[in-house]
Amino acid sequence: MKMSSLVCLEARKVKIHKLILLAFPITIALLFSTFVSIFGVNQDHASSFAAIIKMMTSTVWDFYLFYIAYLINKIIVEEYVDHTIMILFTYSIKRTRFFLAKILLTSVISLSCQILSQVVCFAFVVVADDRFSLVNGVLTKSNCNEFLQYAMIDLLAADAAVLFISAAAIMKKSVSSVFLYGIGFLFVYQVIISQINSFPVLWICYGSLLIASILFYIFSSRRWMNKLTTETR
Amino acid sequence: MSAYIIEGKNISKSFDSTVALKDLDIHVPRGSIYGLIGLNGAGKSTLMKILVGLEAMDSGSLCIFGRSGITSEGLESTGSIIEYPYFYERLTGLENLQLHASYMGFHDKNRIAEVLEQTGLAGSSDRKVMTYSLGMRQRLAIARAILTYPGLLILDEPTNALDPEGIKDMRTMFKDINRNYGTTIIISSHILSEMEHLADWIGIIDQHRIVQEKTMDEVKKNNRSHLTICIDDVKKSCVILEHIGIKDFAVQENNSIRIYQDTDPSIVAKELVSGGVSLYELFQDNRTLEDYFFEVLQNGGGI
């Protein structure tokens with residue numbers, strides 16, 4: 001069976017349109033929090049567009065990390081919790097392909113929604129600044145490039161998060177563990193983004209994180225994927 | 001082509017320190033309905049999980065559809081219900097079957113309607129599975145298992161939670177599938193009377209291995225209803241029985257004789273006593289598969 005068909009079947013199982021619709025309230029919440037935080041952080045109107053863009057993109061990323069965890073719960077953990085994984089494993093399709101389809105679906109949905117929210121929030125900041133003069137200075141082409149760079153780096157980090165949390169889901173097979181590992185990843189992301197301003201270093205850091213997540217996923221799927229139930233002892 | 005659709009030798013499986021199967025041999029003839037019976041924890045479900053690839057055996061050899069081990073070709077031709085009828089709860093019965101058909105690469109839409117009709121779920125196929133009763137789930141699981149005309153059906157307690165009418169319907173359906181499509185069915189059930197009506201082969205599993213595999217005809221032959229008499233003089237009793245025209249009997253240990261021939265117990269008693277034999281006990285033993293099963297377990301597999 002083609003991978004695209006497997007992804008479509010995964011989407012049918014979880015009624016993906018309902019999960020995609022969740023991105024709308026998330027984006028509205030993000031617009032609100034972006035506006036409030038620019039007002040709160042930037043009351044003296046001293047922060048530049050560069051600082052605001054960095055803060056905004058990482059806030060969007062933070063929100064979407066929980067969205068990713070939620071998707072993984074729906075797409076991976078529920079298969080184990082509801083024991084439907086036993087149905088999947090009796091089909092003549094390689095188990096690794098099932099999980100690849102699940103990860104692809106999670107990645108496509110979460111990354112598309114995230115990039116959409118990033119663009120909407122950026123547009124909102126530009127419009128809000130025009131109306132309320134929130135930011136120090138004017139928007140330049142280099143600010144737009146910075147936004148693009150941060151958005152791309154965030155996609156890379158989000159993909160690493162998808163793999164890392166999926167590996168945790170396969171290992172622990174529980175909702176709470178998925179969110180716990182997600183928060184752990186969020187902490188690592190925040191430490192890196194708050195300490196480093198250089199784009200090449202950020203690319204290297206998150207690229208390394210992606211490689212580490214891939215390795216963790218491979219290890220986890222080999223060791224725990226075939227265990228049908230959660231460990232009770 | 002082998003006469004067996006499933007042939008396993010020395011299959012062993014342990015979970016940490018718990019032994020689930022130990023040197024188990026199994027032979028399921030093609031086109032048969034093979035009833036697997038055993039006590040709880042004997043290893044039936046583990047064996048079935050191994051047969052559908054949900055668990056891997058630690059050692060031993062397994063041949064299904066003439067191929068060694070669990071192959072994708074084998075899985076494509078296998079329908080199964082293992083442990084409990086699990087489904088995607090938020091999807092309807094119909095959506096669950098459509099999903100299964102898609103995964104199996106099976107695209108006959110009429111067939112879905114047909115199995116829903118066969119299992120009595122046509123009227124409730126648009127309801128979400130989470131609203132189904134256990135009996136309905138069981139029916140839906142059976143519908144899913146037979147959807148793609150599998151060559152092999154592996155059913156772990158498929159009639160659990162069904163009402164007597166449902167059990168009878170399913171029995172008829174399994175027999176029809178077996179007869180019409182030549183589907184081999186391996187089925188486990190705690191309802192031994194049901195198995196007696198359904199299976200044409202019986203495998204008794206005890207202490208993590210199969211202790212006996214016999215055709216139902218053989219089982220019935222070894223398990224005929226009989227009249228048991230306990231007497232003081234076996235030789236004399238045999239002469240008397242032959243004298244009154246009873247030929248089909250067997251001498252047992254402990255001075256008892258089993259008379260398989262249909263006969264009037266009062267005549268037997270009268271003739272024995274008048275012939276000078278002391279008759280201690282006389283009783284009619286109407287044997288069922290359950291009696292046979294427990295007798296096999298007591299004798300460690302031998303009868």
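## Stop one: a serine in chain B

Select B:S188 and show what surrounds it: leaving aside neighbours within four places in sequence, B:S188 is in contact with B:L36, B:K44, B:M48, B:L155, B:D156, B:E157, B:P158 and B:M195. Keep in mind as you click around that this is a predicted model. B:S188 sits in strand β8 of chain B, residues 184–188. Is B:S188 buried or exposed? It counts as buried, because its relative accessibility is 0%. Now pick out B:D156 from that set of contacts: its side chain and that of B:S188 are joined by a polar contact of 2.8 Å.

## Stop two: a sheet in chain B

Stay in chain B and switch to cartoon. Look for the open sheet of 4 strands, ordered β2-β1-β4-β5, with antiparallel pairing. Its edge strands are β2 (18–29) and β5 (67–68), each of which pairs on one side only. Zoom in on β4 (residues 59–64) and β5 of chain B, which run antiparallel and are joined by 2 bridges. Which residue of β5(B) stands opposite B:I64? That would be B:R67.

Next, select B:K13 and B:E55, whose side chains meet in a salt bridge of 3.8 Å, N to O. B:K13 is in strand β1 (residues 4–15) and B:E55 is in the loop between α1 (44–51) and β4 of chain B, so this pair ties together parts that are 42 residues apart in sequence. Both B:K13 and B:E55 are buried.

## Stop three: where the chains meet

Bring chain A back into view. Here 25 residues of chain A are in contact with 25 residues of chain B. About 2,200 Å² is buried between the two chains, and carbon and sulfur atoms give 60% of that area. The interface has 8 residue pairs in polar contact, both residues at pLDDT 80 or more. The largest share, 5 residues, comes from α1(A). By residue type, the chain A side divides into 11 nonpolar, 4 polar and 10 charged.

## Stop four: A:E78 and its partners

Select A:E78 and B:R90, which form a salt bridge with their closest N and O atoms 3.2 Å apart. The pair crosses from helix α4 of chain A to the loop between β6 (78–81) and α3 (93–104) of chain B. B:R90 is partly exposed, because its relative accessible area is 43%.

A:K74 counts as buried at 18% relative accessibility, because the cut-off for buried is under 20%.

While you're in chain A, select A:E10, A:K13, A:E79 and A:K102, which are linked in a network of salt bridges.

## Last stop: along helix α4

Finish at A:F66, in helix α4 (residues 49–81) of chain A. A:F66 touches A:F179, A:I183 and A:L186, not counting residues up to four places away in sequence. At 36% relative accessibility, A:F66 counts as partly exposed.

Note on methods
Residues numbered from 1 in each chain as written. Chains lettered and ligands numbered in written order. Predicted model: local features only at pLDDT ≥ 70, side-chain atom pairs only at ≥ 80, totals over all residues. Heavy atoms only, no water. Buried < 20%, exposed > 50% of the residue type's maximum accessible area, 1.4 Å probe, protein only. Contact = heavy atoms within 4.5 Å. Buried area = accessible area lost by both parts, 1.4 Å probe. Polar contact = N/O pair within 3.5 Å; in protein donor to acceptor, adjacent residues only side chain to side chain. Nonpolar A, V, L, I, M, F, W, Y, C, P; charged D, E, K, R; others polar. Pairing = 2+ DSSP bridges. Salt bridge = Lys/Arg side-chain N within 4 Å of Asp/Glu carboxyl O.
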